Amino acid sequence: MAKKNQKVSEPAVAYLRTTSLSVGDVLDIASRGLKEPLSRIETFRNGLEKKSFENLKELQGLDYNILATALGVSSKTLQQKEIFDTAQSEKIYELAELYTLGTNYFGREGFRRWMERPLFSLGNRASLGLIDVSEGLDLLKTEIMRLQDDITV
């Protein structure tokens with residue numbers, strides 16, 4: 001019996017190519033200033049501009065009050081700032097890292113919902129209540145990475 005040579009004109013499985021969000025995208029700045037630690041330090045020392053903060057705020061769907069608490073300033077100060085100081089720039093970058101990681105895993109709306117709900121693994125605390133401290137941001141990033149790797153505790 002002769003074998004029939006079958007030609008497949010379409011792939012059996014279609015792969016969707018999705019682009020990942022980067023911290024540079026979230027902060028609306030060139031990623032070359034964020035790639036290397038020494039470049040990031042220089043970027044933080046020069047201060048992030050208001051447009052970076054506003055882009056982060058808009059993408060996260062957060063208000064000035066929540067971000068003011070996270071940055072340790074008043075919401076009025078945030079509205080008047082044009083260039084952020086070193087510590088605030090660093091914190092904005094950390095928030096952008098969290099947002100990037102969460103959005104790439106959950107999607108934009110899914111991440112917003114995840115941030116608002118209490119997490120059992122964090123003592124039933126809402127994620128938004130942890131963003132004012134670097135350790136809280138680290139815990140949230142770790143939690144997302146656990147979910148990505150399907151690690152249970």
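Is Glu 143 buried or exposed? Glu 143 is buried, because its relative accessible area is 10% and the limit for buried is under 20%. Keep that residue in mind. This is a predicted model, and we will walk through it by way of its charged pairs.

Start with the idea behind them. Side chains of opposite charge can pair when their charged atoms come close. This structure holds four such salt bridges. Three of them are described here, including the one made by Glu 143.

Lys 141 and Glu 97 form a salt bridge. Their closest N and O atoms are 2.8 Å apart. Now look at where the partners sit. Lys 141 belongs to helix 9, which covers residues 134-148. Glu 97 belongs to helix 7, residues 86-106. Glu 97 has 28%, so it is partly exposed.

Stay in helix 9 for the next pair. Arg 146 and Glu 143 meet there through their side chains, with 3.3 Å from N to O. They are three residues apart in the helix, so about one helical turn separates them. Arg 146 is partly exposed at 27% relative accessibility.

Helix 8 has a pair of its own. This helix runs over residues 108-116. Within it, Arg 112 forms a salt bridge with Glu 109, and the closest N and O atoms are 3.1 Å apart. Why does about one helical turn separate these two? It does so because they are three residues apart in the helix. Arg 112 is partly exposed, with a relative accessible area of 23%. Glu 109 is partly exposed as well, with 44%.

Now leave the helices and turn to the loops. Which backbone angle stands out at Asp 28? Its phi is near 55°, a positive value in a residue other than glycine. Asp 28 sits in the loop that links helix 1 (23-27) to helix 2 (32-35). Its relative accessible area is 40%, so it is partly exposed.

Asn 124 also has a positive phi, about 60°, although it is not a glycine. Find it in the loop between strand 1 (118-119) and strand 2 (125-126). Asn 124 has a relative accessibility of 51%. Exposed means over 50%, so Asn 124 counts as exposed.

Notes
Residues numbered from 1 in each chain as written. Predicted model: local features only at pLDDT ≥ 70, side-chain atom pairs only at ≥ 80, totals over all residues. Heavy atoms only, no water. Helix = DSSP H or I, 4+ residues; strand = E, 2+ residues; numbered from the N terminus. Buried < 20%, exposed > 50% of the residue type's maximum accessible area, 1.4 Å probe, protein only.
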